[in-house]
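Trainee: I would like to learn how to read a fold from its model. Where do we start?

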Amino acid sequence: MYAYIKGKISEINPTNIVVDNNGIGYEIVVANPYEYQLEEEKQIFISQQVREDSNTLYGFSTKEQKKVFLLLLKVKGVGPKSALAILAGATSEEIISAIEKQDAVYLTKFPGIGKKSAQQIIPVSYTHLRAHETVLDLV
């Protein structure tokens, strides 16, 4: 498991970035690839998701984003793509606030999140948030 990868951004693509670390290019799927700059030295927090047919690195500019991503993955029916879509459209604080306020309408504004998914996100995520004092304790 990786915690983060530090290196230079060598490529920016519509769904991912490539981070060069000591001559190895790590392809990392991110919510907003264009927030990064080519040749910028950056630390990217990583979540590795292994599936039957893929082994994918998902990257985040902050630990908080990574923790919200992992929180969203605990919800049945919310996969990495949906979780990234949510993170692409709001800050970690806005997402946590919507969950704490149990605002399903807010969550439906994100691509791939309908009323049913939003209603599933709130109780599962709210329970995890209540079990931990802050989002920083989630991982």
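Mentor: We go from the sheet to the helices, then to rings and cores. Keep in mind that this is a predicted model.

Trainee: In which sense do β1 and β4 pair?

Mentor: Antiparallel. Five bridges link β1 (residues 4-12) with β4 (residues 41-51). For a landmark, find Gly-7, which stands opposite Lys-42 in β4.

Trainee: How many bridges join β3 to β5, and how do these strands run?

Mentor: β3 and β5 run parallel, with three bridges between them. Look for Ile-28 opposite Leu-57 in β5.

Trainee: Is β5 largely enclosed or open?

Mentor: Count its buried residues. Five of the seven are buried, so β5 is largely enclosed by the rest of the structure.

Trainee: Now the rings. How many aromatic pairs are there in the whole structure?

Mentor: A search finds five. Read each pair by two values, the centre distance and the angle between planes. Tyr-58 and Phe-69 are 5.4 Å apart centre to centre, with 35 degrees between the planes, and form a tilted pair. Tyr-58 lies in strand β5 and Phe-69 in helix α1, so the pair ties together parts that are eleven residues apart in sequence.

Trainee: Are Tyr-58 and Phe-69 buried or exposed?

Mentor: The cut-off for buried is under 20% relative accessible area. Tyr-58 is buried at 10% relative accessibility. Phe-69 is buried too, at 0%.

Trainee: Why is the pair of Tyr-106 and Phe-110 edge-to-face?

Mentor: The planes of Tyr-106 and Phe-110 meet at 80 degrees, so the pair is edge-to-face; the ring centres are 5.6 Å apart. Planes over 60 degrees apart count as edge-to-face. Tyr-106 counts as buried at 19% relative accessibility, and Phe-110 does at 4%.

Trainee: Last topic, the cores. Which residues touch the most other members of the largest nonpolar core?

Mentor: The general idea first. In soluble globular proteins, nonpolar side chains tend to be buried together. The largest nonpolar core here has 26 residues, and Leu-107 and Ile-121 touch the most other members. At least two residues of this core come from each of β5, α1, α2, α3 (92-100), α4 (104-107) and α5 (115-131).

Trainee: What is Ile-121 in contact with, beyond its neighbours within four places in sequence?

Mentor: Its contacts are Leu-72, Val-75, Val-78, Ile-86, Ile-99, Leu-107, Ile-113 and Tyr-126. Another core, of eleven residues, lies apart from the largest one. Its members include Ile-5, Ile-9, Val-19 and Leu-57.

Terms used: Residues numbered from 1 in each chain as written. Predicted model: local features only at pLDDT ≥ 70, side-chain atom pairs only at ≥ 80, totals over all residues. Heavy atoms only, no water. Pairing = 2+ DSSP bridges. Helix = DSSP H or I, 4+ residues; strand = E, 2+ residues; numbered from the N terminus. Phe/Tyr/Trp six-rings, centres within 6.5 Å; stacked < 30°, edge-to-face > 60°. Buried < 20%, exposed > 50% of the residue type's maximum accessible area, 1.4 Å probe, protein only. Core = buried A, V, L, I, M, F, W, Y, C linked by side-chain atoms within 4.5 Å. Contact = heavy atoms within 4.5 Å.
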